[in-house]
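Visitor: Can you walk me through this one? I'd like to start with the surface.

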Amino acid sequence: MKKQRLIMRSIILILLGAAVVYTLYANFTKDDIQKVEVGKKAPDFVLSDMNGEKHRLSDYEGKGVLLNFWATWCKPCEREMPYMDSGYKVYKDKGVQVLAVNIGESDVVVNEFINRYDLSFPVLNDKNQEVLTAYGVDPLPITFLINKDGIVERVHTGEIIKEEVMMDMMEEIKP
Amino acid sequence: MKEVKCECGHVNPHGTVLCESCGIPLIEEKTREKLLDMRYEGSARRSQTYNKTIIDKIWNFFSSVKVGVWLIVITLIASALGTIFPQEMYIPPVMPAVEYYEDQYGWLGKMYYELGFHNLYSSWWYLVLIASIGISLVICSLDRVVPLYRALKKQRVTRHESFLKRQRLFGITQVENKDIPFDGVIENLKKKRYSIREENGNILAEKGRFSRWGPYVNHVGLIIFLIGGMLRFVPGMYIDDVLWIREGETKVIPETNGQYYLENKEFTLEVYDKDHEVFDEALSNSGMVAKNYQSDVVLYKRADNSVAGEEAKLDQVKEFSIRVNEPLKFEGYALYQVEYKLDELSTMSFHLTNKETNEQFGKISVDLNEPETKYDLGNGYSVEVMSYFPDFEFNSEGQPATKSRIPNNPAFVFNMITPDKPDGEISFVAIQQTIEPFEDNEYKMAFAGIETKDVSGLTVRKDLTLWIFAVGGFLFMVGVAQGAYWNHRRIWIQRRDQEIWIAGHTNKNWHGIKREIKEILEGSGINEPDDLIKETEDK
C-alpha cells in the first residue's frame, strides 16, 4: 500500500517534471532551431553567380561546401570576407568549394563589393530570397559546413573572427 | 502508520477525520466541537499525514493550497511587472535593447533590462512559475478528489449519532410509534429528484453529488489549456512568421517548405470619406480614419520538383483579397493582413542636363531594387552607375555606405559621359543633395521624379493547438457551471427508539435546502430541523 503510493507519486512527479523540462528546453532552443539540421541533408538549390553561371548544390557532392549567407551592409559579413577568400585559395584544390550567397541585393551593389575585396570565389545572388527562406536564415552572417555527401556538418551563426577559424572549418569538410 | 478501524467496523486510511462509513469523528479534538467540519467529507488528505521520502516532501509541497495561492499571486505580480515597459520584441529596432531601455526610461529602464524583465514572458523563471501552478493544480486535485470520491462512495445510510448531531441542520421529533411509515416523505423526496437509499428503516436521500466534481473538471480544463500552451513549443505545431511583399512581387511563403508562393497585386488603404452626412463631425475631429487595409493577392502552388532558387512552375490556386480579420486560408495556414508600408521608392528618374544651358540630353529611370550599370542615351551620351547605396548613410569612417537593401534613401555615384567629356564627370547624387568631387562639372543629373510601390506586411500563421485550447476552455466552463449551479444535498432520517432524527447537509445554499426540507416534511409529522449556526448567531 505504502510502496504503491510511493511508486504512484513518483510516476506522476516524473511525468510532470518531464513535461516541464521539455517545455523549458524547447523554449530555450527555439531560437537556435534552424530549418537546416546538423546531420541532415542540406536542401538543394540552384542560383546564378555574378557571371551568370548556374550553381546547383547537389552538383558539388564529392566536395566539401562552405555555404555562407551575407549582405554588403552587414559589417561582420564584410570582415570575414577576406578570410573566406584566403581560405578558398588554399582549399579550392583540396576539394572545398566556397559558395557565398548574397541575400538579393542589386547586382550593382554586389559587383562593387566583389571588386573592392577582389573576391575569387563564386558569389551567388538569391534574388527572390527563396534559398534564404529554405535555409531559414536569420540573422546574418551564417555559415553552413556541408560535407562531401551533402550532409550538414555544422552551422556557424555570426562572424568568423579569425583566419585560422576559417581554415579549420574548411579542413573539417575537406573530403 | 496504521489504518484506523472505526467502532462500526469500517477500516479507514490513516489520517481520516470522520469515518468514511458511519461518520463518527475519529480524532479526539473533533469530538468536542459542536459542528463537524465537512470539507472533503473529513477524508484523509494523505499528503498531510505521510512525510517520509523526498518524493513525499515534494508531493506535499505542491499539495498545499496555500502554496498554490502564493504561486498564483507571485505569477500575477510578475505578469503585471512585464507590462510596465514594452517587451523586447515590441521595441523599435533603432538601437540594441541594452541601450534602448536606459535611453527611453532612464535608470528604471536600465534596471528593468538588467533584471531581465524585457523578456519576462519567455524567461525561465516565469515558465517555471507557470509550470509550478500546473503541477500544483494536478497534485492538489489528485490529493483531494481521490479521498473525497472514496468517502462519498463508502458512506453508509445509517450514520453514527455523533455525526448527525454535529450537522448544521439537525432536529429530533418525539413520536408515539417509531414505526410510522415514511412513504409520504419518500414520495416527496422523489419528487425533488433525490436518490434514496434505505437501510433498517433509515433513509439517506442525496442529490447533485456530481456538483462536487465541478472544481476538478475545471482543473482538468486548465491543465488541458496548459498542455496546449506547451504543445506550441513542439516544432510544426505552431507557426508565426512574417512575409513582407511588395506590389508586383511573387515570393515563396515561408514555413511552407517552398510549396506555396504569393503574388501581391495591389495594396489598398482606404479611409473614411470626410463628406459623410452622419459622421462628418466625428471624422473631422479625429482626422484620418482607416476604413480598409487590403492586399489583393494570388496564391500559387509549386507544380514541379524544382529546388529553391530555380524558376518554379506555379499553378494558380486562388485569387483573394486579404483584409483585416479576413485571412487567406489554405492547408491549415492563414495569411493575415497586419502591417503595411506605403510608397516605398521603386524607381527614380533623372535628366542628364547641361548646368549652364539647362539643355537636357535624355532621361534615365533607375529601378531602385535593380539598377542597370549603364544607361545609354544615344548620340554619345550615357550614364554609368558606379556606386549605389539604397539606404544611404555616412558610416563611422565617414564613407558613404548603405544601412540595408531597402531603398529608403537611395544615393548614387553617376559617371556622366558626353561627347565633350568622353571620360565622364563624376557626380554623387542623393535625395536633395549633390556632391561633385571634382567641383567643376558641366553636366548634372537633374531629379525628374519618383515612382513608389506599397508593401504589404502579412503574418503567416498555422496553429494546430487551437482546438486543444477550445477543449480546455470548454471543460473549464463546464466545471464552473457544474460546481456553481448545482448543490450537493443530503438528508439523513433515522429512527431511534421513540425519536426520529433528521439531519441535512449541503455544500452551498443552505437557504435552499432548508426550504426544500420544509416542503418534504409537510404533513409527515416530523419537525423541521434547526439551523445550528443560525441559532448560535441568534444567541
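Visitor: Which residues make the nonpolar surface patch of about 700 Å²?
Guide: In this predicted model, that patch is formed by Val65(B), Val69(B), Trp70(B), Val73(B), Ile74(B), Ile77(B), Leu81(B) and Ile84(B). Patch residues have over 30% relative accessible area and no salt bridge, and nonpolar side chains are joined within 5 Å. Accessible areas come from the Shrake-Rupley method with a 1.4 Å probe, and for residues only the protein chains shown count as cover.

Visitor: Is Trp70(B) buried or exposed?
Guide: Exposed, because its relative accessible area is 55% and exposed means over 50%. Trp70(B) sits in helix 2 (residues 65-81) of chain B; a helix here is a DSSP run (H or I, at least four residues).

Visitor: New topic. How many residues does each chain bring to the contact?
Guide: Chain A brings 41 residues and chain B brings 50, where contact means heavy atoms within 4.5 Å.

Visitor: And how much area is buried between chain A and chain B?
Guide: About 3,800 Å², of which 66% is on carbon and sulfur atoms. Buried area is the accessible area (1.4 Å probe) lost when two parts are put together, summed over both.

Visitor: How many salt bridges cross the interface?
Guide: The rule finds five; it asks for a side-chain nitrogen of Lys or Arg within 4 Å of a carboxyl oxygen of Asp or Glu. Arg56(A) pairs with Glu310(B) in a salt bridge, with the closest N and O atoms 2.9 Å apart.

Definitions and conventions
Residues numbered from 1 in each chain as written. Chains lettered and ligands numbered in written order. Predicted model: local features only at pLDDT ≥ 70, side-chain atom pairs only at ≥ 80, totals over all residues. Heavy atoms only, no water. Patch = residues over 30% accessible without salt bridge, like charges linked within 9 Å, V, L, I, M, F, W, Y side chains within 5 Å. Helix = DSSP H or I, 4+ residues; strand = E, 2+ residues; numbered from the N terminus. Buried < 20%, exposed > 50% of the residue type's maximum accessible area, 1.4 Å probe, protein only.
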